[in-house]
Every structure is written in C-alpha cells, then in structure tokens.
Amino acid sequence: MKRYLQISITACLVTCLMVSQAQDETKKSRVDVKASATLTSNFYSSSGIDPRQPGNMQYGIVRASVMLWDMVELPFELYFTTGQTRFQQPFNQFGVSPKISNWLTLHAGYFSTRFSDLTFGDLRLLGGGFELTPGNFRLKAVYGRSRQAIEPDKVSFAPGVYSQTAYAVSLGYGNLSKSYFNINLFHAKDDSTSVKSDSVRVMPAENLVTSVDFGMRFGEYVTLRGEGALSAYSSNLNSEKLDNVKVDVPGFLFTPNASSRIDGAGMLSLDINPSAYWSVSLGARWVGPGFNTLGYALMPNDLLEYSLSPRLRLFGNKLILRSRIGLRYNNLRDNRMATTSRFTGMLSATYQITRMFGIDGNYSKNQIESGHKIDTLRISNVFDSYTLTPRLSFQALGGNNNVMLTFSYQNSSDKNAYTQNLNNMKTSGVNVIHILTFPSSLSLSTTLLYNKTAMDLYTSTITHVSETVGKRFFKDRLNTSASIGVNWVEVTDKSTQLVFRVNATYSLKKYGSLSFFITNNSYRGYGVISQNYSEIYGNLQYNINF
C-alpha cells in the first residue's frame, strides 16, 4: 500500500510539472495546470507523563486541476499518511473529479458531494458517480462505500462498525438562484457479514430516503426554499421479514422487516431582503421521531423548531445589528416521558463610532426545560453570556497601536431543586490585547487575561500573561516570531504552566514556502498531589503552488 502511494504521489507531481513545463514552452498548447502540495512532518517528545501524540508522523495533501482546451477540467486530490496509525486516520485517500466543459462532472475514488439537507450531504464515498448540469437540467448519481468495517475492540469495549455501501440519485430542473425543484433518492445498507465477532451490540441497518426540495423567487426581494422527505429505516437487517406488506418494494431499494419504520421530515425558509439596510429570515423545520438518514453523520430527529433572524444597518453602516431567536420542541407524538423545549437567542452589535474607536457587544441566551413529573429527572437550565469589547487604534511609541479590551460574563443556572447546588456556575473575565507595529516590520503583542469561575463547591481562577515578538527579514521573505506565556491556575491546588514557541516561514518564491515551529510546554503542580511534566512539539511543513 505504501509503495502504491509513493508511486501515485510521484506520478501526480511529475505529471503536473511536465504539463506545466510544456505549457511554458509552447503557447499553442491549450493545457492549463493548477496544483498545490503540502508535505508535513511532526515530531513530539514528553517527560513526566505518557505521550499524548505520536513521536514522529508525516502526512501530505496533493491537489491539482488540469484544464484541457478550456472544456475538460480534471481535478484530483491525494491524502497520504505514515507513522503510528493508532493516532491518526487509518487510511489513505485518493480521488479524482474531472469536470468536462461546464455541464459534466465525474467522480472516482474518494469524493464528497451534496444532494439536499434531508437526504445526503456529508458522507465521503469510495466509488464513482457523475453530475450532469446542461442548462437548467440537473442529473446526479453516485455509488460507493460509505463506511469501512471495523471489528470491535475488546480492550476499550468499542463496538464494531459494519461496512456500508450507498447510492444516491437526484433529478432536477430550474435556476438554483431563482426557482427550481429537485427529486432526490438515497439508499444505504450495511453488509451484515463484514463484522464477524460482534452480533449482539451492533445490528446491521438499511435506509431509504426520498425527498423533493424546491426554491421560488417572488420579485427581487423574497425567496422561499423548502424540502419534504420520507424515510424508511430498518434498524436490524436480521429481523423477521414481513410477508403481508401490500406495497411491492424492489429489493434493491428496500426490504421491510419487523424493525422497519417509516416517517417524514420537512423544512421551509423565507428570506426577505428589500433593502441594503435591513433584511429578515424566517425558518421552520419538522423531523419525525422515526425519520433517519444515513446520508449525514448525525441528524437529530423528533423535533419541531422555528427561527427568526433580522439584520439591520444604521448610520451609514457604522452600526450593524444582528439577532436570532429560535424555539425547538420534541415529543412530537407524545411517546416520551416528557416534552423538552429549548429557546436560543442572540443579539450582536458592531458600532464604529469614529475612525479610531469602535465597540462590539454580544448577548446570547440558551434555555432548556423538560416537563418531567419526577423532580429528580426534571431539567431547567438557563445559560446567559455577555461580552463587551471596545477597540482603539492610534499612533504612538513610534508605531501603530491597536488595543482591545474584552469584558465577559457567563451565568449558568439550574432551576432544579435537587441538582442546582451542583450545576450553578458563574464565570467572569477580562482580556487585554495590545499590538504595536513599527515601520521596520517589528511587532510586539502583549496579552493579559484574568478569568474566575465560581460554583457552589469550588472556585477557580486563571491568570495569563504572554508576549509575542515578530520580525520580517530578507525583503520580507523570512517571517519570524517568538512568544512566551505563563498561566497561573488555582482551584483546590495551585499550578503553573510555562509555554514557549518559535515560528519561522521562508518564501522560496515560485518554489513554494518552508515553515517551521517548535513549542515547549512545562507544567508544575503544587499541592497534595503534584505532577511535573514537559512536552516538546515541532512541525516542519513545505507548501507549493504550481
């Protein structure tokens, strides 16, 4: 596998360089190449504690796009890693997605694409597919492995994962910026034979989702978008099959059994933008408790939510106001012990009073409540957060000065009489940042921070001081910086943490850039149980665009 990756990487880089060179030698060639490569080597060592990272690891990313005669675009990407696989993702990935003209895209290898909000969107497939978009017509189809089999870990008790294949098809028409509609279908199925030693904790599943999403433009200022979806989901493929199903469903689509369930979901959004000075967005989403889609890694169900997001600009865009209010409920079919409701709210303001002075403010609220009749299970939590940040820019001390002062306060309160003594918490903090930049490219950045968290059982404080010095050399080709910082932490015991870091980046012009950093973390604890340790972490990286 490693040999194949090395050959692939070398071939990709050599091909891109040869094509790029050929393009420079003749103006008649209609070949255009754009590519980038990032090669990284990390090292790590520690004393006093067990290693928290691998001692040495290399990885790289190569991306390229080849345009042939202004009609065929061949983009590809390659990911590769080496070293201790237990600390990293255990696979290497290669994918290519050639784009032919402006209406055909092909996929092969590892690739990602998106169909709709309720069907398929964030899975990375190993397989192939195509996307046809001539004019206002759209046809997409993909097929591949969406999940690799993993045997259960008997040491950590982690359950196994079945190998899963998936396919998706989408057919649509219309201008996506105006009015359109799409019909989408997604299917995923686990291979029940791919995991040998875990047949109790994990059951193989099958999922079929179909939806219609649309958009409509009313005049110049109003846009309506929405989607309605229907999901069929079997949580255990080994369950008894149903012989009395009246609807004849093809086996390649879905096989109903005793664990199958069908449910729906829908969403609507309305955007109103009548002016450059104000706009408002309204949204609603309903997801049935039995709705599932394996086309997203995580999508919550059993919810009904509403949102309102107005925006306002005043005083010639000097004052910008943004806000959002959201409500969410579950227990849509009254099959839970209690209904849980959640309120979220946010208000932010940015006011540039003068050219030198401005101020930012933000307030957010998150409240969740459940109606359990049993007091010990009842939830009633409220979280409030406030921040205020005045900003000042001025000329002094031989350079340009920027000062930011941030005040923050957070209050988390538990209204449950049985648990409020454990969960009530108040956090307040002050943060000061001063940046001084000289004409010689020398810069100084000073940070002071104080944070205090108070609970009924304990109080913790954190004090932080750091200084960063930066300087550019050799006509700005070498950019360097060094920083040192100290943290003093006090809870029941006291501890001190010293962090030192050095960065350097050198530009090789058309041959890319080389960057390096090394950081040292030294920790010392004081108290009954004291622990002293230190860590060194470094990174060497090469980047090139050609």
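Reader: Are R285 and E305 buried or exposed?
Author: The model considered here is a predicted one. A residue counts as buried when its relative accessible area is under 20%, and in this model R285 falls in that class, as does E305, so the word for R285 and for E305 is buried.

Reader: Which strands are tied together by the pair of R285 and E305?
Author: The side chains of R285 and E305 meet in a salt bridge, with N and O 2.8 Å apart. R285 belongs to a strand that covers residues 278-287, whereas E305 sits in another strand, so the pair joins parts that are 20 residues apart in sequence, namely strands β14 and β15.

Reader: Is S309 buried or exposed?
Author: S309 lies in strand β15, which runs over residues 303-314. When neighbours within four places in sequence are left aside, S309 is in contact with S279, V280, S281, S323 and R324. Its relative accessibility is 12%, and because the limit for this class is under 20%, S309 counts as buried.

Reader: How many residues apart in sequence are the parts that R147 and D190 tie together?
Author: R147 forms a salt bridge with D190, and their closest N and O atoms are 2.7 Å apart. R147 is partly exposed at 31% relative accessibility, whereas D190 is buried at 7%. Since R147 lies in strand β8 (residues 137-147) and D190 in strand β10, the parts tied together are separated in sequence by 43 residues.

Reader: What is the relative accessibility of D476?
Author: The side chains of R472 and D476 meet in a salt bridge, at 3.2 Å from N to O. R472 is partly exposed, with a relative accessible area of 37%. D476 also counts as partly exposed, and the relative accessibility of D476 is 48%.

Reader: How many residues does the largest nonpolar core have?
Author: In soluble globular proteins, nonpolar side chains tend to be buried together. Among the residues with the most contacts inside the largest nonpolar core are F120, L125, V142 and F291. Strands β9 (164-174) and β10 (180-190) each supply at least two residues of this core, and the number of residues in the largest core is 17.

Technical notes. Residues numbered from 1 in each chain as written. Predicted model: local features only at pLDDT ≥ 70, side-chain atom pairs only at ≥ 80, totals over all residues. Heavy atoms only, no water. Helix = DSSP H or I, 4+ residues; strand = E, 2+ residues; numbered from the N terminus. Buried < 20%, exposed > 50% of the residue type's maximum accessible area, 1.4 Å probe, protein only. Contact = heavy atoms within 4.5 Å. Core = buried A, V, L, I, M, F, W, Y, C linked by side-chain atoms within 4.5 Å. Salt bridge = Lys/Arg side-chain N within 4 Å of Asp/Glu carboxyl O.
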